[in-house]
Structures are given as C-alpha cells and as structure tokens.
Amino acid sequence: MLAAPAQQTSTSPVTSRFQRVDVDLHGRLMLPDRTEHECHVTQMSPGTAKLRTSGEGSVGERVIAYIDHIGRIVGTITKTNPSGFSIEFDLSAKKRERVSARLTWLTNKHELNLPEDRRHERLVPKRQINTLSLGDGREYSCQILDLSLSGAALEIAVRPAIGTPVTLGNLRGRIVRHFDDGVAIEFAHVQQRGTFDTFFS
C-alpha cells in the first residue's frame with residue numbers, strides 16, 4: 001500500500017525550464033482521499049509528468065505515484081484534463097538528477113541494443129539497490145534500472161570492460177553494453193521468475 005500524501009492547499013507554478021519527452025511508463029498513484037489507481041505516464045521531464053488515469057484529482061492536490069523504472073514520485077497536480085492530469089514533482093536536487101538520468105536512458109534505450117529479449121517479461125524488483133561483483137572480488141553498489149529474465153541494465157559508477165564476467169546478487173552474467181549512467185549485463189542463463197523472488201525480494 002502506498003503511503004497517503006499530505007494535503008496541500010496551494011501549488012507552485014509548473015517548472016518551465018524542464019522539457020518533457022514522450023514516454024510509455026505504467027504505475028500506480030494515490031490521491032489524498034487514499035484511493036489508489038493505475039496510471040500511464042505519456043510525457044515526462046525531470047520536474048513534471050503528464051498522466052492518464054481514472055483517478056479524479058484537483059489542481060493543488062498532492063499525489064504519490066510509483067512509476068516503472070523511475071520509482072516513487074511525490075507531486076502536486078497543476079493541470080487536469082478529461083483523461084487525467086499533469087503534476088509537478090517535489091524532488092531534491094539529487095533525486096531530480098537521477099530522474100533526469102533515467103529519462104535519458106529510457107529515451108535512448110532503443111539505440112543501445114540492451115540485452116532485453118522481448119519474449120521475456122520485464123520485471124520491477126522490490127529491491128532495486130543491489131551489488132555487482134567482479135571475478136577479482138571487487139564489489140560495487142548499483143541500482144537496477146531494467147530487468148528481464150535474460151539480462152539487466154544497471155546504474156553504476158564503474159564501467160567494467162565488455163565481456164567481463166560479473167555477478168548481480170547471486171546471478172552470473174557478463175557485461176555486454178556501456179551507456180552514460182551504467183552498464184547492461186546478460187545473464188549466463190535465462191532465469192525463471194522464481195529466481196527473482198528469491199534474490200531480489
């Protein structure tokens with residue numbers, strides 16, 4: 001269950017310095033009356049988002065949304081329309097930078113040829129912070145941006161060479177791509193859904 005957002009009677013202007021990009025992201029949101037609704041984000045910037053949802057919100061209300069690949073977002077409704085509303089995020093500078101990095105990754109994903117076999121379901125792990133281990137014993141904290149039964153994309157500070165054997169949690173794989181904010185890995189074997197329930201819960 002999402003935590004209930006606090007009521008807010010006023011709202012600040014939409015942050016105009018952020019340019020929205022077209023996205024196709026799904027998630028859930030909670031309105032101040034504690035009702036939860038499915039949502040579909042069609043446009044997003046590091047500071048704002050346009051959502052389609054059956055939930056009826058009003059300008060100035062605070063909402064909490066959990067958006068696939070982005071995470072938990074708290075925002076204020078700035079504009080409504082018949083199919084949903086737009087929100088302005090309430091984010092720290094650090095969180096806004098992470099959102100910006102993920103948006104860049106998502107919009108360029110098709111050009112990266114990431115190891116996502118579209119025959120396999122994309123998963124959102126409950127615990128996105130994990131550890132990537134190299135064969136020499138070095139370990140690095142990472143954040144899982146995208147996950148399927150055949151591979152994963154990670155936000156991480158290091159860039160091991162392509163082909164380097166690695167272990168994500170307890171899953172063996174190898175580095176197959178680099179991108180601006182991290183790496184993509186391909187698992188040594190196509191996993192079963194239950195594997196993630198064990199290692200990423």
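Arginine 174 and glutamate 186 form a salt bridge, with their closest N and O atoms 3.0 Å apart. Here a salt bridge is a side-chain nitrogen of Lys or Arg within 4 Å of a carboxyl oxygen of Asp or Glu. Because arginine 174 lies in strand E12 (residues 171–179) and glutamate 186 in strand E13 (residues 182–187), the pair ties together parts that are twelve residues apart in sequence. The model is predicted: local features need pLDDT of at least 70, side-chain atom pairs count only at pLDDT 80 or more, and totals for chains, interfaces and linings use all residues. Residues are numbered from 1 along each chain as its sequence is written, and side-chain values use heavy atoms, leaving out hydrogens and water.

**Barrel**

- Six strands make a closed barrel in the order E1-E2-E3-E6-E5-E4, with antiparallel pairing.
- From one strand to the next, the twist averages 45°; axes are lines fitted to C-alpha atoms, and angles run from 0 to 180 degrees between N-to-C directions.
- Strands (E, at least two residues) and helices (H or I, at least four) are DSSP runs, numbered from the N terminus.
- Two strands count as paired if DSSP finds at least two bridges between them.
- Strand E1 (residues 21–30) and strand E4 (residues 62–67) run antiparallel and are joined by four bridges.
- Methionine 30 stands opposite isoleucine 64 in E4.

**Salt bridges**

- Under the salt-bridge rule, the count comes to five.
- Glutamate 38 pairs with arginine 28 in a salt bridge, the closest N and O atoms being 2.6 Å apart.
- That pair links distant parts of the chain, with glutamate 38 in strand E2 (residues 36–44) and arginine 28 in strand E1, ten residues apart.
- Arginine 62 forms a salt bridge with aspartate 90, where the closest N and O atoms are 3.2 Å apart.
- This pair also links distant parts of the chain: arginine 62 is in strand E4, and aspartate 90 is in the loop between strand E6 (84–89) and helix H1 (93–112), 28 residues apart.

**Exposure of the partners**

- Buried means under 20% relative accessible area, exposed over 50%, and partly exposed in between (1.4 Å probe, protein chains only).
- Arginine 62 counts as buried at 14%, while aspartate 90 is partly exposed at 46%.
- Glutamate 38 is exposed at 51%, and arginine 28 counts as partly exposed at 31%.
- Arginine 174 is partly exposed at 39%, as is glutamate 186 at 31%.
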